[in-house]
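Thanks for coming, everyone. Please have a look at the structure on the screen, and I will walk you through a few parts of it.

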Amino acid sequence: MRRLPLKEAKSGGRKRLQAIACGLEPSIHMNPVLLKPQSDVGSQVVVQGKVIGQMKASDYAKNKGTLLEAVMQSYHRLGEDADICRGRRGGQCIRGQSSFR
């Protein structure tokens, strides 16, 4: 997998700030699926720093499986360099791989 320099990638500002506060270099893997609202019914979808397009909520639900693959890739990538790796979904902490389902 090619690493995308963070300056070229789209990432969430909060994740970038959190990484810096922890003394870590920000990574696209810290926010593997980013939804940027574009309208009342759709969002721009950014996967591992790359814009993949616009999706309505119904399209997002249909593509959850594919998006989950990117989340798990990033989770495992971050886990290579960390003793503890926690995930968040919609602002809530999640525990373990089974919570991603």
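Start with Glu80. Glu80 is exposed, with a relative accessible area of 61%. Exposed here means over 50% relative accessible area, buried means under 20%, and partly exposed is in between, with a 1.4 Å probe and protein chains only. This is a predicted model: local features need pLDDT of at least 70, side-chain atom pairs count only at pLDDT 80 or more, and totals for chains, interfaces and linings use all residues. Residues are numbered from 1 along each chain as its sequence is written, and side-chain values use heavy atoms, with hydrogens and water left out.

What does the side chain of Glu80 meet in a salt bridge? The partner is Arg77, at 3.8 Å from N to O. A salt bridge is a side-chain nitrogen of Lys or Arg within 4 Å of a carboxyl oxygen of Asp or Glu. Arg77 and Glu80 are three residues apart in helix H3, so about one helical turn separates them. Helices (H or I, at least four residues) and strands (E, at least two) are DSSP runs, numbered from the N terminus.

Now take Arg77 itself. Is it buried or exposed? Arg77 counts as buried, at 17% relative accessibility. Arg77 also forms a salt bridge with Asp81, and there the closest N and O atoms are 2.7 Å apart. Asp81 is exposed, with a relative accessible area of 61%. Shared partners join Arg77, Glu80 and Asp81 into one salt-bridge network. The structure holds two salt bridges. As a general point, side chains of opposite charge can pair when their charged atoms come close.

Let me step back to the whole chain. The protein chain has three helices and five strands. Read along the sequence, the pattern is α-β-β-β-α-α-β-β. Of the 101 residues in the protein chain, 30% are buried. The chain exposes about 7400 Å², and carbon and sulfur atoms supply 49% of that. Those areas come from the Shrake-Rupley method with a 1.4 Å probe; for residues, only the protein chains shown count as cover.

Next, the sheet. Three strands form an open sheet in the order E1-E2-E3, with antiparallel pairing. Two strands pair if DSSP finds at least two bridges between them. The edge strands are E1 (33-37) and E3, and each pairs on one side only. Neighbouring strands of this sheet are turned by 30° against each other on average, direction ignored. Axes are lines fitted to C-alpha atoms, for helices over the stretch in contact, and angles run from 0 to 180 degrees between N-to-C directions.

How many bridges link E1 and E2? Five, in the antiparallel sense. Val33 has Val47 as its bridge partner in E2, and Pro37 stands opposite Ser43 in E2. A hairpin of four residues joins E1 to E2.

Six of the six residues of E2 are buried, so E2 is largely enclosed by the rest of the structure. Gly42, Gln44 and Val46 point one way, and Ser43, Val45 and Val47 point the other way. In general, side chains in a regular strand alternate between the two faces of the sheet.

Gln48 lies in the loop between strand E2 (42-47) and strand E3 (50-56). Gln48 has a positive phi of about 45°, although it is not a glycine. The hairpin of E2 and E3 has two residues between the strands. Gln48 counts as buried, at 12% relative accessibility.

Helix H3 (residues 64-80) lies across E1, E2 and E3 and runs at about 40° to E2. Which residues make up the largest nonpolar core? There are seven: Val33, Val45, Val47, Met55, Leu67, Ala70 and Val71. E2 and H3 each supply at least two residues of this core, and H3 gives the most, with three. A nonpolar core is a set of buried Ala, Val, Leu, Ile, Met, Phe, Trp, Tyr and Cys residues joined through side-chain atoms within 4.5 Å. In soluble globular proteins, nonpolar side chains tend to be buried together.

Conventions
Contact = heavy atoms within 4.5 Å.
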